[in-house]
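Subject: Structure for you to look at

Dear colleague,

Here is the structure I said I would pass on. Please open it beside this message; my notes follow below it.

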Amino acid sequence: MNVHISYKLHKTPDIEKEINHHLEKLNRRLRVFRPDLVHLHGLIEDGSPREGTLVSLNLRLPSGQMAARESAAEASTALKAAFDDLMQQIGRHKDLLR
């Protein structure tokens, strides 16, 4: 899987650890696709004080494209919500392909 994550905030080891954890889970779900044809683009940025941290994920597969966008006060909460949304979309997409 080709992964490209852009940061528009201070990158911390906690955020890196959280992203790697979610990428491992995502990889397990995407084993049916050729790894060189799977592209994940992510953007993590500080929003307004009211929105908190914004996370945008875009996943391109050979059979379709999915996107998730979440915001939360904490970066880890926004990451978890965005990756969970993406996982649900992958599940529905794989069901359609069957």
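Two strands count as paired if DSSP finds at least two bridges between them. In that sense Asp46 stands opposite Thr53 in β3. Please keep in mind that this is a predicted model.

The sheet

Four strands make up an open sheet with mixed pairing, in the order β1-β2-β3-β4. The edges are taken by β1 and β4, each with a single partner strand, so one side of each has no neighbour in the sheet. From one strand to the next the twist averages 10 degrees.

Taking the pairs in turn, β1 (residues 2-8) and β2 are parallel and share seven bridges. One of the pairs involves His4, whose bridge partner in β2 is His41.

β2 and β3 run antiparallel and are joined by eight bridges. Leu40 has Leu59 in β3 as its bridge partner. The hairpin of these two strands has six residues between them, and in it Gly52 takes a positive phi near 85 degrees.

β3 and β4 are also antiparallel, with nine bridges. Their hairpin has two residues between the strands. Two of the positions can be named: Leu61 has Gly64 in β4 as its bridge partner, and Leu54 stands opposite Ser71 in β4. β3 is mostly covered, with seven of its nine residues buried.

The helices

α1 packs on the sheet, where it touches β1 and β2, and its direction makes about 155 degrees with that of β1. α2 lies across β2, β3 and β4 and runs at about 155 degrees to β4.

How does the length of α2 compare with what its residue count predicts? The helix covers residues 75-97, which is 23 residues, and at 1.5 Å a residue these should span 33 Å; the end C-alpha atoms are 33 Å apart, so the two agree.

Which residues of α2 are buried? They are Ala75, Ala78, Leu79, Ala82, Phe83, Leu86, Met87, Gln89, Ile90, His93 and Lys94. An α-helix has 3.6 residues a turn, so residues three or four places apart point the same way. The buried residues of α2 pack against α1 (13-29), β2 (39-46), β3 (53-61) and β4 (64-72).

In soluble globular proteins, nonpolar side chains tend to be buried together. Here the largest nonpolar core has 26 residues, and those with the most contacts inside it are Leu26, Leu30, Leu40, Ile44, Leu59 and Leu86. At least two residues of this core come from each of α1, β2, β3, β4 and α2. α2 gives the most, with eight residues.

Leaving out residues up to four places away in sequence, Leu30 touches Met1, Val38, Leu59, Leu61 and Ile90. Leu59 in that list is also the bridge partner of Leu40, and Ile90 is one of the buried residues of α2.

Regards

Terms used
Residues are numbered from 1 along each chain as its sequence is written. This is a predicted model: local features need pLDDT of at least 70, side-chain atom pairs count only at pLDDT 80 or more; totals for chains, interfaces and linings use all residues. Side-chain values use heavy atoms; hydrogens and water are left out. The expected span of a helix is 1.5 Å times one less than its number of residues. Buried means under 20% relative accessible area, exposed over 50%, partly exposed in between (1.4 Å probe, protein chains only). Contact means heavy atoms within 4.5 Å. Axes are lines fitted to C-alpha atoms, for helices over the stretch in contact, and angles run from 0 to 180 degrees between N-to-C directions. A nonpolar core is a set of buried Ala, Val, Leu, Ile, Met, Phe, Trp, Tyr and Cys residues joined through side-chain atoms within 4.5 Å.
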